[in-house]
Each structure stands twice: as structure tokens, then as C-alpha cells.
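Please keep the sequence and the model in view while reading.

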Amino acid sequence: MRKTLILGGTTEASRLAGAMADAGLPAVLSYAGRTRSPRAQPVPVRMGGFGGIEGLARYLREAGIARVIDATHPFAAEISRNAVAACTMTGTPLLAFERPPWRAGAGDDWREVPDLAAAAAALPPQPTRVFLAIGRQHLDAFRGRAQHHYLLRLVDPPEGALPLPDCAVEVARGPFDEAADRALLMRHRINLVVAKNAGGEGARAKLAAARALGLPVIMVARPALPARRIAGTLEDVLGWLHADLGV
């Protein structure tokens, strides 16, 4: 039976890898390699990029990949776009395992913006204390708003200097809970939260904590991606797999 390539980096990818291992379905889970100590997985793992569209297409052919499931983070736009192009080029079936975006509810004070540059521009001119819940890669977008104090929560300790001169770092790996996030925001005297609309349960706690404390949230919309088939639940993904396998 030919392998399925899971493009990973999310809780959904890990759940899928476990379900496929339990079902005896061969798979390889690919990580971009940005996290230094990813969780152990029950299927073979490869680390690092593919080398763009051509490199991914070459890997699909050489590794005998029968299908691809894109379970990357909703903001990992480059690999998702490359997956669409490489799968089209090679005729490889592609499914995106995509968690639904968060929606504002009663009591939420969200200011929705289209991208990180707009999020930085939406910060107030006067110095304030910001929980910048966007990960390590995109901090440069806020370099020009250095008057603020930033709280960063990172999976790994930072290597080298950060581009924000006034910041505090909490090293932690989700999932998180509302009580702990409420205590975190109070301990750091946070006035405003900036978040990417990743969806899912593991990082929702900061939004519930912001609501409970009456804090505004600048919410960054997901990047636009090419049209592709999407499944929102593990059951739907497994159903697609079994249909593709003819079982």
C-alpha cells in the first residue's frame, strides 16, 4: 500500500498520524523543522522543507506518495500553496485538514484585520502592554511599534536577539486553559491581545481570558489560499482516505 504524506505541525496532524497508525495505513509526517523538539509520533517523520514546488513534486514521485493531506497551520500559507501546485503537477490527490476559524461571540471585543501589517498599524500610538500571540516568525511586522511592551509565548526559547526591544518571553507548549491564561494576562498587566485566527481548541483559552478580563483583541484573518478540497474533522479525513483506498 503506497504512503500518505501528512504535512504537519498541528494537533490535527498528530491526531491523524495516530489514527492512521492504529488503522495500519502507511504514512509519513513532515515537519518544517521550526520547532526544535516536536512531539514523538507513531509514524515515520521527515524534517525540513522540500525546496519549493519543484522539490515537493520530486519528493512525491521519488517517495511513492499516493496522496497528500495538508494538516499544516492555517497561516503556513507557502507550503499550502506549494502543495496545491505540486499535487496538480503530479496528479496526486490532495485534502486539506483544516480547523474552522474562531468566531467572535457575546462579550468579545475583536478588531479584525487582514494581515500582520494591519495588526501592527492597529496598535494605539501611546505605549501599552500587548500579548503578541503570533509565534516567533512574524515579530518583524511589529518592529516599527517599539514603544509598546510585548509579551511573547514561544514553544522554544529564542535563539539570539528578538526584534522587539521591550518584551517578555514565556516558553510554553499548548494546549492552554482559560484560568492559566487569565492569570498570565493579569501577571503581565496586559491591556491588549494580538492573535492570528488559527482556530482549534488548543489556543482558544487566551480569547476566553481576554473576554473575561474585558480586553480588546486584534484578530488577524487567515491568508487566502487556492481552491482545494477541505475536511474539518478527523472522521471526514479518514472517510476520504478509505474512499481513496477503495475500502
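## Terms and basis

A residue counts as buried under 20% relative accessible area, as exposed over 50% and as partly exposed in between, with a 1.4 Å probe and protein chains only. This is a predicted model, in which local features need pLDDT of at least 70 and side-chain atom pairs count only at pLDDT 80 or more, while totals for chains, interfaces and linings use all residues. Residues are numbered from 1 along each chain as its sequence is written, and side-chain values use heavy atoms, leaving out hydrogens and water.

## Salt bridges

With a salt bridge taken as a side-chain nitrogen of Lys or Arg within 4 Å of a carboxyl oxygen of Asp or Glu, the count comes to 11. One of them joins Arg-228 and Asp-70, at 2.9 Å from N to O. Arg-228 lies in the loop between β11 (217-220) and β12 (230-231) and Asp-70 in strand β4 (residues 65-70), so the pair ties together parts that are 158 residues apart in sequence; strands are DSSP runs of E, at least two residues long, and helices are runs of H or I of at least four, numbered from the N terminus. Arg-228 is buried at 18% relative accessibility, and Asp-70 is buried at 3%.

Another salt bridge links Asp-140 with Arg-143, where the closest N and O atoms are 2.8 Å apart. Asp-140 is partly exposed, at 47%, and Arg-143 is partly exposed, at 47%. Through shared partners, salt bridges also join Asp-70, Glu-98, Arg-222 and Arg-228 into one network.
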